[in-house]
Amino acid sequence: TEQLLDVENLTVEFKSSGTTMKAVNGVNLQLNKKETLGIVGESGSGKSVTATALMRLIPTPPGKITDGKIHFNGRDLLQLSEKGMRGIRGNEISMIFQDPITSLNPVLTVGNQIVEVIRAHEKLSKKEANMKAVEMLKMVGIPEPEKRLKMYPHEFSGGMRQRVMIAIALACNPKLLIADEPTTALDVTVQAQILDLMKKLQQEHDTAIIMITHDLGVVWELCDKVNVMYAGRTVESTTTKQLYESSLHPYTWGLLESQITMDTHGQQRLPAIPGSPPDLTMPINGCPFAARCPLATDLCHTTVPELVEVRDQHFVACHLQSKEQIIPRKEGIFNA
Ligand code: SF4
Ligand code: MG
């Protein structure tokens, strides 16, 4: 397997009225070609900011990438000019978001928008681009594509809009697709269809995917490996299989407990971890999860746990876990 992305020590800060918020704090991530990496965590954990930083789309000011390297396909993206970066975005790296309605122009037909994207990337006549757009809608499973191309975004259901966005994102055969909660706004049945579609297209196009989600169910469904983020840091990083079978960070245990089996009504998951994440504008001296962790000791409040490879391909930042001693998951600790 060939490495596509290697992010080292990514740090993103936002400054406003005298305070500095460390939204992303020394994050590392690695992704091979054709692989899918999940980034999972609650809202505010830094998942979306990480994704936005990878595209170099952090609004500056107030935001700034203050440290790190983003090696992508042989280049450090942080060293590229803005012009160089524009050549990467939408060509080599594409992104899709939770709510496609905001990424589509409401006054242009879907067909016009797709044709515009196609022609920005390929020298094709209007007619040829139109034919390609029809092909693309077919590829993402939109029925009657010729008719659909003449319609406006609001005439599409949420699931159909997300299919359109996936078609646009894949139009230029990107090496990497970053998907930020692409199924969160959709009902459960449509969510499953969109995930199936992404899986199928990934196999056909050999695209690597970074899947940002608060939902471990999405990780089990789609990802090869996963980074769990909390308070702007990676607290656990391993293969999906290993996380599923034997996760090691108490925060991950909390996420697992907050999962409930999806029934036919598409129930919301229960928030199982009492408390809220720390204020990221304040310095954090110990483990960022200490205030919410039922297993916290004195050490946890004074010393930051480093992310350590405690066993093969399994990294965790918790004082309980080490190469010498691994504590298996304890269930029910958050309800005690
Ligand atoms: Fe809990 Fe301490 Fe581990 Fe942090 S380091 S997760 S507070 S046990
Ligand atoms: Mg987000």
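How many bridges join strand β6 to strand β7, and do the two run parallel or antiparallel? Keep that in mind as you open this predicted model.

**Colour by confidence.** The chain has an average pLDDT of 91, with 96% of the residues scoring at least 70. Now select residues 261-265, where the pLDDT is below 50. Beyond near neighbours in sequence, this stretch makes 3 contacts in the model. For the complex, the predictor gives an ipTM of 0.97 and a pTM of 0.93.

**Select residues 93-96 and 176-180.** These are strands β6 and β7, and here is the reply to the opening question: they run parallel, joined by 4 bridges. Click on serine 94 and you will find leucine 177 of β7 opposite. Next, show the side chains of β6: Ile93 and Met95 point one way, while Ser94 and Ile96 point the other. Why this pattern? In a regular strand, side chains alternate between the two faces of the sheet. All four of these β6 residues are buried.

**Move to the core.** The largest nonpolar core holds 86 residues, and those touching the most other members are Ile114, Ile166, Ala167, Ile178 and Ile210. Helix α7, residues 158-170, supplies the largest share of this core, with 8 residues. Zoom in on isoleucine 114: leaving aside residues up to four places away in sequence, its contacts are Ala133, Met136, Ala167 and Ile168.

**Finish at ligand 1.** Which residues are around ligand 1? Select Pro250, Cys287, Phe289, Ala290, Cys293, Leu295, Ala296, Cys300, Pro305, Cys318, His319 and Leu320 to see them. This shell divides into 11 nonpolar residues, 1 polar and no charged.

Key:
Residues are numbered from 1 along each chain as its sequence is written. Chains are lettered from A and ligands numbered from 1 in the order in which they are written. This is a predicted model: local features need pLDDT of at least 70, side-chain atom pairs count only at pLDDT 80 or more; totals for chains, interfaces and linings use all residues. A nonpolar core is a set of buried Ala, Val, Leu, Ile, Met, Phe, Trp, Tyr and Cys residues joined through C-beta atoms within 7 Å. A residue is buried if 20 or more other C-beta atoms lie within 10 Å of its own, exposed if 12 or fewer, and partly exposed in between; C-beta atoms are placed from the backbone. Two residues are in contact if their C-beta atoms, placed from the backbone, lie within 7 Å. Two strands pair if DSSP finds at least two bridges between them. A residue is near a molecule or strand if its C-beta atom, placed from the backbone, lies within 6 Å of it. Ala, Val, Leu, Ile, Met, Phe, Trp, Tyr, Cys and Pro count as nonpolar, Asp, Glu, Lys and Arg as charged, and the others, Gly among them, as polar. pLDDT is the predictor's confidence in each residue, from 0 to 100.
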